[in-house]
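Please open the structure in a viewer and follow the selections below in order.

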Amino acid sequence: MTDSPSPLPLLLSLAASVCLLLWGSHVLRTTLETTFSASLHALIHRAAASMPKSIAGGAVVAVLMQSATATILLAAGMSGSGSLSLASAMGIVLGADLGSALATRILFIDLSLLPPAVLVAGFVLHRGSHSHRNRRLGRALLGLGLILLAIQLMRAALAPVADSPASDEWLAVLRSVHLLSAAAFAALAYLAHSSVATVLIIASLAQGAMLPADLFVAMVLGANVGAGFIALPLVGVDNPEARSVVIANLIARASLAVLLFITAAYWVHHVPPVAAGPGVRAVWFHILFNLILVAVFAPWAGRLAGAVKRYLEAKNRNLGGALRPSIGAGLDAALLSSPRGAVTCARREACRLGDSTETFFSRSLEMFHAKDQSQIDFMIASDREINERNKAILHYLTDARAHIADPEDERELDRVLQFSSTMENVGDTISYNLSRLASKRLDRSAMFSTEGMDEITRIHEAVLELLKSVNTRFMTADAGGHKHIRKRVRQIQTMCGDSLSRHRRRLSDKNADSLGSSSIHQDTIRDLLHIALLLETATDAGGY
């Protein structure tokens, strides 16, 4: 028996290996999405002919992409757009879960010489080839090599735990609270956004510390439930078709996990293969869980998703009916004959409009990280509220103008209208221009260069600060500060010009990502500058 390993180095080593695993998965997945997006879509379309083919197709795509979540979002997005039936989408999803489990078993094979060989081959292809396709293949191999290397590091980090005097103590604690172990690994799977990484941690921990079957079973069940939550916040609530696929998958996984957890005492010691080590048995149980999931839910998964869809549609109709009366609810018709009171009332409503526009713009950059069109559609849904608020203010102040005699009251009314109209124009630029560019990036599977994305993010942050400043000045009725607003806009203009110049230099250097996203990058910069100029013009015209 050796001394207990220090917990801080152990935790740091484990965290580093998990980060390396997640980064390798990201590199591999994004490269395959970019290079073979059309082929992956075509594969899913061909697989949709029947439930067995859908399951097989989902498994193949998940193994290739090293991500069940990416495959689930792809299937949910295609279902939301009408190109996949709910039953076919659920088949793809069930297959993706199974394929991800099979990938875990492949990755857990101990091939010590494979990681350096794959990394070297990937580097040579990526740096030494002039073929764009070969460079992409090299990048994919680098991602795979990082995954394999991370697993080796994870095993090495956890190996000393088996000989630690403290292992018996913490094993006793974990065994006494299986539900806590399951909850902890459910949270870990969700936070890591990877069931593969979480199950590999469990398997490595089991291999090193010799976890008993009842304990690693609880951990694996928790990881599978946590994995079901990953895609949930990534699909828009206003797309019931896409969201129903994700929720139905979560219901199926959670139901089976609860059933197996409750009955574990009767079968847990028969987890296959009995002769294998604890780590391999943990991975095989993960596969078994997903096989049972397919066998039990495949026959009626489409009906489950359909029931969820009907519930979501009914809920959305109720919410939609409740939202409309709240638009313009603060515009008191009794004050129309009192011009100053009516304008003050409209100003308060315009401040709410400014808040909505600020929130909408702050989230607009997320569209360029969307995995499917439903996420973009969900993000731009806020523009409907902005348009309705502006329309309500316009109609209210049009009626109020007939009662105005004081020129100052009329100027104040025009300032509110100018501000409200500008906020609508900002919203329209986001929903019509930026969303179109985000959809184009998604359709082309284009990626901004790292430098290009950093530039867009900095410009977006600068425009957001400008919008906040304009909103604050309008709310406080501050008539000064025009020079400060104009100075900020000139700074944004300079940032945009510098970004476009650097982008052109990256094109000259044959940067692959810049070449693939050139028009999208330039139009995004111009649209952000357009929003800044809209705010400057409104400030000058409105006097705020």
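Begin with Ile106, which is exposed at 52% relative accessibility (exposed is over 50% relative accessible area, buried under 20% and partly exposed in between, with a 1.4 Å probe and protein chains only). The model is predicted: local features need pLDDT of at least 70 and side-chain atom pairs pLDDT 80 or more, whereas totals for chains, interfaces and linings use all residues. Residues are numbered from 1 along each chain as its sequence is written, and side-chain values use heavy atoms, without hydrogens and water.

Ile106 lies in helix α4 (residues 86-107); helices are DSSP runs of H or I with at least four residues, numbered from the N terminus.

Next, select Leu21, Leu200, Ile202 and Phe216, the residues with the most contacts inside the largest nonpolar core, which has 91 residues. Such a core is a set of buried Ala, Val, Leu, Ile, Met, Phe, Trp, Tyr and Cys residues joined through side-chain atoms within 4.5 Å. A second, separate core has 58 residues, including Phe368 and Leu417.

Rings of Phe, Tyr and Trp (its six-membered ring) pair if their centres lie within 6.5 Å; planes under 30 degrees apart are stacked, over 60 edge-to-face and the rest tilted. Trp267 and Phe285 are stacked, because their ring centres are 5.7 Å apart and their planes at 25°. Trp267 belongs to helix α12 (residues 264-267) and Phe285 to helix α13 (residues 278-297). Phe285 is buried at 1%, while Trp267 is partly exposed at 21%.

Finally, select Ser518 in helix α22 (residues 518-542), which is buried with a relative accessible area of 14%.

Notes
Helices (H or I, at least four residues) and strands (E, at least two) are DSSP runs, numbered from the N terminus.
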